[in-house]
Amino acid sequence: MQVTLRHANQPEVSFACEAAETVVTAARRAAITIHVACEQGGCGACRARIVAGTVHYPLPASARWLDEASGSDCYALLCRAVPTSALVIETAHPWRHVENSPLSRLIGR
């Protein structure tokens with residue numbers, strides 16, 4: 001599946017996501033860092049708006065952040081979300097290419 005990330009003031013970036021792979025895992029494989037914290041679907045730090053496409057959750061994710069009754073059914077927790085179609089996502093936080101992150105510059109990666 002193709003995943004495209006959008007964020008204000010950043011160019012779109014796309015990468016491939018393999019079957020049963022979460023968006024965060026696929027992004028890391030593509031050398032893209034997405035804002036995450038607990039990585040267990042509980043904190044909502046990686047919550048992003050789905051512009052197009054669908055996802056499923058093979059592992060538990062907090063209903064608090066995905067509660068359809070609260071009108072958040074078009075959001076995903078990227079640390080747990082596995083795309084079931086091509087996906088376009090609008091992130092709340094900017095992403096980084098790994099080579100542009102401060103730590104990578106320090107260690108020469």
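Two residues are in contact, or touch, when they have heavy atoms within 4.5 Å of each other. With that in hand, welcome to this predicted model, where local features need pLDDT of at least 70, side-chain atom pairs count only at pLDDT 80 or more, and totals for chains, interfaces and linings use all residues. Residues are numbered from 1 along each chain as its sequence is written, and side-chain values use heavy atoms, with hydrogens and water left out.

**The nonpolar core**

- A nonpolar core is a set of buried Ala, Val, Leu, Ile, Met, Phe, Trp, Tyr and Cys residues joined through side-chain atoms within 4.5 Å.
- Buried stands for under 20% relative accessible area, exposed for over 50%, and partly exposed for what lies in between (1.4 Å probe, protein chains only).
- The largest nonpolar core here holds 24 residues, and the members that touch the most others are V3, L5, F15, V23, I32, L78 and I89.
- At least two core residues come from each of strand 1 (2-7), strand 2 (10-16), helix 1 (23-29), strand 4 (47-52), strand 6 (75-77) and strand 8 (87-91).
- Helix 1 gives the largest share of this core, with four residues.
- These helices (H or I, at least four residues) and strands (E, at least two) are DSSP runs, numbered from the N terminus.

**Two residues to look at: L5 and T4**

- Not counting residues up to four places away in sequence, L5 touches E12, V13, F15, I32, I34, I89, T91 and W95.
- T4 lies in strand 1 and counts as buried, at 10% relative accessibility.
- Leaving aside neighbours within four places in sequence, T4 is in contact with E12, V13, S14, L87, V88 and I89.

**How strand 4 pairs**

- Two strands pair if DSSP finds at least two bridges between them.
- Strand 4 and strand 6 run antiparallel and are joined by three bridges; here A48 stands opposite A76 of strand 6.
- Strand 4 also pairs with strand 8 in the antiparallel sense, over four bridges, and I50 has I89 in strand 8 as its bridge partner.

**Two loop residues with positive phi**

- A31 sits in the loop between helix 1 and strand 3 (32-33), and has a positive phi of about 65° although it is not a glycine.
- With a relative accessible area of 26%, A31 is partly exposed.
- E39 is found in the loop between strand 3 and strand 4, and has a positive phi of about 60°, although it is not a glycine.
- E39 counts as partly exposed, at 34% relative accessibility.
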